[in-house]
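Welcome, and thanks for taking a look at this one with us.

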Amino acid sequence: MADGTVLEGVGFGAQKTAEGEVVFNTSMTGYQEALTDPSYSYQILMMTYPLVGNYGIRAEDFESSGIKTEGFIIRELNSNAKDSRPAKNLDGFLKEYGIPGIQGIDTRFLTRKIRRHGVLNGILKYPYEKKELKDLKEKASGLRNISELDLVDLVSTKNIIKHDAGGEKNVVLIDCGVKNTIINLLLERKVNVFQVPAKSSAGELMDLNPDGILISNGPGDPQNPSYVVESIRKLVREELPMFGICLGLHLISIAYGAETYKLKFGHRGANHPVKDLNTGRAHITSQNHGYAVEADTLPEDLKISHISLNDGSVEGIKHRELPISALQYHPEGHPGPWYNYYLFDEFVASMK
């Protein structure tokens, strides 16, 4: 760890070295969806639930083209996957994508450490020798901060991809690191999706004749992909329905002049309570983000629609006049509750 802490365990997965920000996820299941979520780029993911791997890996549960985390930390690996459907085991999955893992770690200690001190950079090396520790400590302390990196361009598609549902409505999805389930839920609602590179200009997006715009989730500091912010500033003039998810909320807020800040240890898990300020209802949500919007910096045009019941941070925004809204949490879940799917129904219904 960047502060000099050393934890030793048993390696599994690929015999490689991983570098990045060490973060924890409190979900009890969904390790495959988390590992393949592009929002975890440049992060070494730790699961707080102690037993991981017991139901294996399934093709239908991928959230992207492969593993996007840098490394994986768990308490105990179960290599004997038990499932009614054919499944690979977790060890082989990490080997396939060249990702190192470590088990036998005191994940409770490490979680408490991160909660007290905030996220820290770290290096996961498998295998290693004792004589390497001094050099590894020095290297860990000098790793680049995630805020210095533009990770959106790294994970975004490089070409326009059309997902044809045979519908009458078209959504242009600005891919900042989108999860597959977001696309699938739109397709299930008979909406055609144009998945476009994050660096696409507003003009290029409008050439696709969209009925709505969706800005996806993605990794890193929301201040870095300024090219997406610039596109949003131009797109809002079109007064089309616009929906942001996670990083999408940050980017819409920044486009309107708001500021963001880094959370001490982020919100990552499948049981985060959120209050809808319009209805007063509380929702259990899936989350994965390390930054949040400064509520006091939101302009008059945007109102807060949802707040976190854990720390009061902004969980949703809505434009007072235009059909523009965004959520900090993941309405598609995966992992997490599925009943927030109704938010996709509302977005689709807003496209007249």
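## A tyrosine and its contacts

Setting aside residues up to four places away in sequence, Tyr 126 touches Gly 11, Phe 12, Gly 13, Ala 14, Gln 15, Lys 16 and Gly 101, where contact means heavy atoms within 4.5 Å. The C-alpha atoms of Tyr 126 and Lys 16 are separated by 5.6 Å, although the two residues are 110 residues apart along the chain. Tyr 126 sits in the loop between strand S8 (120–125) and helix H4 (133–141); helices (H or I, at least four residues) and strands (E, at least two) are DSSP runs, numbered from the N terminus. With a relative accessible area of 22%, Tyr 126 is partly exposed, because buried means under 20%, exposed over 50% and partly exposed in between (1.4 Å probe, protein chains only).

Please keep in mind that this is a predicted model, in which local features need pLDDT of at least 70, side-chain atom pairs count only at pLDDT 80 or more, and totals for chains, interfaces and linings use all residues. Residues are numbered from 1 along each chain as its sequence is written, and side-chain values use heavy atoms, with hydrogens and water left out.

## The sheet and its edge strand S15

Next comes an open sheet of 10 strands with mixed pairing, in the order S9-S11-S10-S12-S13-S18-S17-S16-S14-S15; two strands pair if DSSP finds at least two bridges between them. Strand S9 (161–163) and S15 are the edge strands, each pairing on one side only. On average, neighbouring strands of this sheet are turned by 25° against each other, direction ignored. S15 and strand S14 (residues 260–276) pair in the antiparallel sense over 10 bridges, and Thr 260 has Val 293 in S15 as its bridge partner.

Two helices pack on the sheet. H9 touches strand S12 (212–215), strand S13 (242–245), S14, S15, strand S16 (302–308), strand S17 (314–319) and strand S18 (324–327), and its direction makes about 125° with that of S13. Helix H10 (residues 342–349) touches strand S10 (169–175), strand S11 (191–197), S12, S13, S15 and S18, and its direction makes about 155° with that of S13. Axes here are lines fitted to C-alpha atoms, for helices over the stretch in contact, and angles run from 0 to 180 degrees between N-to-C directions.

## A histidine in S15

His 283 is found in strand S15 (residues 282–293). It is buried, with a relative accessible area of 1%. Beyond its neighbours within four places in sequence, His 283 is in contact with His 272, Pro 273, Val 274, Asp 276, Tyr 339, Asn 340 and Tyr 342.

On a 1 Å grid over the protein atoms alone, a cavity is a set of points where a 1.4 Å probe fits but cannot get out, and lining residues have an atom within 4 Å of a point. Grid points are joined across faces, edges and corners, and a volume is the space filled by probe spheres set on the points.

The largest cavity has a volume of about 140 Å³. Of its 15 lining residues, the closest to its centre are Gly 218, Gly 220, His 289, Gly 290 and Tyr 291. S15 gives the most to this lining, with 4 residues. The second largest cavity holds about 80 Å³ of space. Of the 14 residues that line the second largest cavity, Asp 37, Ser 286, Gln 287, Asn 288 and Pro 335 are the closest to its centre. S15 gives the most here too, with 3 residues.

Conventions: On a 1 Å grid over the protein atoms alone, a cavity is a set of points where a 1.4 Å probe fits but cannot get out, and a pocket is an open set with protein on both sides within 12 Å along at least five of seven lines; lining residues have an atom within 4 Å of a point.
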